[in-house]
Amino acid sequence: MSLKVYIGGKFVDKEDAKISVYDHGLLYGDGVFEGIRSYAGKVFRMKEHVDRLYESARAIHLVIPMTRDEMARAIEDTLAINNFTDAYIRLVVTRGAGSLGLDPRRTTDPQVIIITDSISLYPEEYYENGLAIITAGTIRNHPAALSPRIKSLNYLNNIMAKIEGTNAGCLEALMLNHSGYVAECTGDNIFIVKKGVIHTPSIDAGILDGITRQAVIDLATSLGIAVVERTMERHDILTADECFLTGTAAEVIPVTKLDGRPIGDGEVGPISRKLRSAYGKMVRGETV
Ligand code: PMP
């Protein structure tokens, strides 16, 4: 049976899930999205993801044509119709179809799309041995140009950095902000461990307010590990004991090399390991 995709209140077969080429989401990247996961039949941090979607929409002056409760129900319904328990969920809201020209007033009917699919993770070996990443020359969007807090359909900033990573043989790339400080990776937030304390850039570094990031901060705190949100330099990563990334798809993944230089002793560290395992239990509703 074909996967069903939710578009504007209807379920259509994956092959028939189409929207207009005049949609400003396609023409101008005008829209917002979310990436969510469900584990063992339960959507992880549903409220946080739905809230972030509505905040992103608000920030771009887009009114989503349904309530947050209706959105949450539509997500559950899409999972149910596809018989998914463990899934990756992609919510997309486009500005809708309209005539050519940037003005959003040219559009009608924002499109709400919900795709549920199987999750594709980084290969297991990277969780065991750690990722090697590079520092991209592409800096993260200046918050006054397009705030990284908006999960918009215009992800070219991150894609440009991702291409640099890929060309260097890496699966992720570090992005600095307009002041030269550490921001985040192309699709993940970044953390280091130094002398038993976890450090991560604060939201005002110009980063996405990652939902996994916050979950990991809460988790570490509950495990008695101190977390500091602060301004970070690339130097802090190069001289860290451990480094790891967080994201909905990646969960908690260790980084053992930056720009060809080992981080700490170049092995996956104990705190990264502990948090990965605790996170895996938490998302499945097991006690940590
Ligand atoms: N930063 C960026 C740029 C992202 O796109 C994402 C989501 N893929 C993240 C961080 C991680 O956010 P979350 O934990 O909410 O998935």
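About 780 Å³ of space lies in the largest pocket of this predicted model, a pocket being an open set of points on a 1 Å grid over the protein atoms alone, with protein on both sides within 12 Å along at least five of seven lines. Grid points are joined across faces, edges and corners, and a volume is the space filled by probe spheres set on the points. The model is predicted, so local features need pLDDT of at least 70 and side-chain atom pairs pLDDT 80 or more, while totals for chains, interfaces and linings use all residues. Residues are numbered from 1 along each chain as its sequence is written, and side-chain values use heavy atoms, without hydrogens and water.

The lining of the largest pocket, meaning residues with an atom within 4 Å of a point, consists of 34 residues; Y88, R90, K151, G187 and A249 lie nearest its centre. At least two lining residues each come from β3, α2 (46-59), β5 (87-94), α5 (156-167), β9 (182-185), α6 and β13; helices (H or I, at least four residues) and strands (E, at least two) are DSSP runs numbered from the N terminus. By class, twelve lining residues are nonpolar, 13 polar and nine charged. Here Ala, Val, Leu, Ile, Met, Phe, Trp, Tyr, Cys and Pro count as nonpolar, Asp, Glu, Lys and Arg as charged, and the others, Gly among them, as polar.

The ligand takes up the space of this largest pocket, in the sense that more than half of its atoms lie within 2 Å of the grid points. α6 (211-222) and β13 (242-247) are the elements that give two or more residues to the shell around the ligand. There are 17 residues around the ligand, and Y155, E184, I211, T212 and T248 come nearest (near means a heavy atom within 4 Å). The shell has three nonpolar, nine polar and five charged residues.

The side chain of Y155 places an N or O atom 2.5 Å from a ligand oxygen. A polar backbone atom of I211 is 2.8 Å from an oxygen atom of the ligand, and a backbone N or O atom of G187 lies 3.1 Å from a ligand nitrogen. Taken alone the ligand exposes 390 Å², of which the protein buries 93% (Shrake-Rupley method, 1.4 Å probe).

Two cavities of 30 Å³ or more are found in the whole structure; in a cavity a 1.4 Å probe fits but cannot get out. The largest cavity holds about 60 Å³, and Y155 is one of its lining residues, along with others including R140, L146 and N158. The second largest cavity, of about 50 Å³, is lined by R37, Y39, F44, H49, I211, T212, T248 and Y279. β3 (31-39) and α6 each give two or more residues to that lining.

Key: A polar contact is a pair of N or O atoms within 3.5 Å; within protein, one must be able to donate a hydrogen and the other to accept it, and residues adjacent in sequence count only if both atoms are side-chain atoms.
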